[in-house]
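Please open the structure in your viewer and keep the selection panel at hand.

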Amino acid sequence: MCNGESGDEEERRAFQVNELILSESSTMTASRRHKVLLEVHGFHPPIHAPSDTDLDALVDQVRKQASVVRKRKAYNKALFLNRRYADSRNFLLMFLRAENYSPLRAAQQLVLHFETKLELFGIDKLTKKITYEDLNDDDRSALSTGALQFLSEKDNSGRPVLLESFEMLEYHNVQNQLNNYAFAEQLRATWYLLMSVIEDDISVQQEGMVRVMYNLDYSKSELHLDLIQKSSIIFDSVPTKFMGLHFCYNNENLRPMLTAVQLAAGIEGRSRLRDHFGTPNHVSASLEKYNIPASTLAAKTSHTSTDARESIGKYLDRIKKEEKQDRIKGRGSSVQPMSTDVILGRGRHQQEYPGNLELAKLVDSKRQEYSSARKLDKSRIIREVAELFEESGGRFLERHERAGKVMWIEANSEARREKVSQLFRTQTKRNSEYFGSS
């Protein structure tokens, strides 16, 4: 049983999902059904990319479409903070390739990408490539379990095979186990692992990858229904496509988990989902019919084997080495705004920025003293507020654009004092509304 549902309720949901799949299948054209069948079995027809001229036009269309997509607040923040990152041609091309060069679908995924990234990593990391150093200890521990890893061998079409095993999950943050199964560490680990493969590989963006959910000799279905739903958003927001999804199990108690996967997969995912039930040998033979290298799956998903941890350990060592080389090459780049910083200027982005809100609160705490002070004392209070804010780790940053590149530069002392002075000059009521202070 799961989440208190009765067996009858579980059967009803499974029946509804099967009816949904049949209905969706009946609306597919014969050519579309044949194409999906070939791709799921590891036979990928060649993809002909548009010419450079056509690509430039498609990229411009993505920008236009993204500007009108709903719930684009995180995307707008990314453009403001670092347009060179969020609006670069190469970055947008990832989403076009993943969505078969459809500007509308690429724009929708682009906006979802930043919304999901902001929720997972916060505004400090919104416009940077997530590296191993950006993960906390719990995230790294989740990675090291091997519950999520890429097989060393690819499928028949040369696509990476992502192996997922709920049996291997370990939660080092007790709150993540008890607080409605938030699984924040596993979600961040999933994002990092996927993007580490996607970002630098055009073929993965264009031709996709394969997911294998391998859960033999496992029965705790109810523990992971929330994780399945939350993970589906991450899989939807990264610029690749999942050409095959395989759910492997040998315990009937996992039927609710299979139903949850089917529901979370969406129309496209459900057309590519195959379930495999039986012994390890039977499941491996079934997967190999889809041209997936399956001979080592049992060893890589067993707690009694070190294969999984050794495999993911080697992969992470290689990625960390590459990231270190990238950091060395990138030294001397412009300052990256942090949530503790104040962004100078006027506008909604500045008003809502966390550091600006904190400075406004600090100013409000000194407002009464400032209002009753003499002119010389007011200058002292302004200077003290600026110094207090900087002592807490905040910076005052100015945004500059040079040759189309956004640069963030620390403001001089005069500009810092002027920012604080401007806040003091604002009437208390207006300041509260303007900055959203409580």
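The expected span of a helix is 1.5 Å times one less than its number of residues. With that rule in mind, and noting that this is a predicted model, select residues 413-425, which form helix H21. This helix has 13 residues and reaches 18 Å from its first C-alpha to its last, close to the 18 Å expected. Colour its buried residues next; among them are Ala415, Val420, Leu423 and Phe424, together with Arg416 and Lys419. Which residue caps the N-terminal end of H21? Select Asn412: one of its side-chain oxygens lies 2.8 Å from the backbone nitrogen of Ala415.

**The whole chain**

Now zoom out. The chain contains 22 helices and 8 strands. Of its 438 residues, 48% are buried. The chain exposes about 21900 Å², and carbon and sulfur atoms supply 48% of that area. Consider also the contacts between residues at least 6 apart in sequence: 74% of them join residues at least 24 apart.

**The sheet**

Five of them form an open sheet in the order E1-E2-E3-E4-E5, with mixed pairing. Its edge strands are E1 (148-150) and E5 (273-277), each of which pairs on one side only. On average, neighbouring strands of this sheet are turned by 20 degrees against each other, direction ignored. Strands of a sheet pair through backbone hydrogen bonds, either parallel or antiparallel.

Move across the sheet strand by strand:

- Select E2 (residues 161-164) and E3 (residues 209-215), which pair in the parallel sense over 4 bridges. Leu162 has Arg211 in E3 as its bridge partner.
- Proceed to E3 and E4, a parallel pair with 7 bridges. Here Tyr214 stands opposite Cys248 in E4.
- Continue to E4 and E5, which run parallel and are joined by 5 bridges. Phe247 stands opposite Asp275 in E5.

Select residues 184-198, helix H9, which lies across E1, E2, E3 and E4 and runs at about 10 degrees to E1. Then select residues 280-288, helix H14, which packs on the sheet and touches E3, E4 and E5. The direction of H14 makes about 150 degrees with that of E5.

Return to H9 and pick out Thr190, which lies in this helix. Is Thr190 buried or exposed? Its relative accessible area is 3%, and buried means under 20%, so Thr190 is buried. Residues up to four places away in sequence aside, Thr190 touches Leu148, Ile234 and Phe235. A polar atom of its side chain also lies 2.7 Å from the backbone oxygen of Gln186.

Most residues other than glycine have a negative phi, and most peptide bonds are trans. The last two stops concern positive values.

Select Lys71, in the loop between helix H3 (52-66) and helix H4 (73-86). Its phi is near 55 degrees, a positive value in a residue other than glycine. Lys71 is exposed because its relative accessible area, 66%, lies over the 50% cut-off.

Finally, select Asn291, in the loop between H14 and helix H15 (297-300). Asn291 is not a glycine, yet has a positive phi of about 60 degrees. With a relative accessibility of 24%, Asn291 counts as partly exposed.

Methods
Residues numbered from 1 in each chain as written. Predicted model: local features only at pLDDT ≥ 70, side-chain atom pairs only at ≥ 80, totals over all residues. Heavy atoms only, no water. Buried < 20%, exposed > 50% of the residue type's maximum accessible area, 1.4 Å probe, protein only. Polar contact = N/O pair within 3.5 Å; in protein donor to acceptor, adjacent residues only side chain to side chain. Pairing = 2+ DSSP bridges. Axes fitted to C-alpha atoms, helices over the stretch in contact; angles between N-to-C directions. Contact = heavy atoms within 4.5 Å. Areas by Shrake-Rupley, 256 points an atom, 1.4 Å probe, with all protein chains shown as cover.
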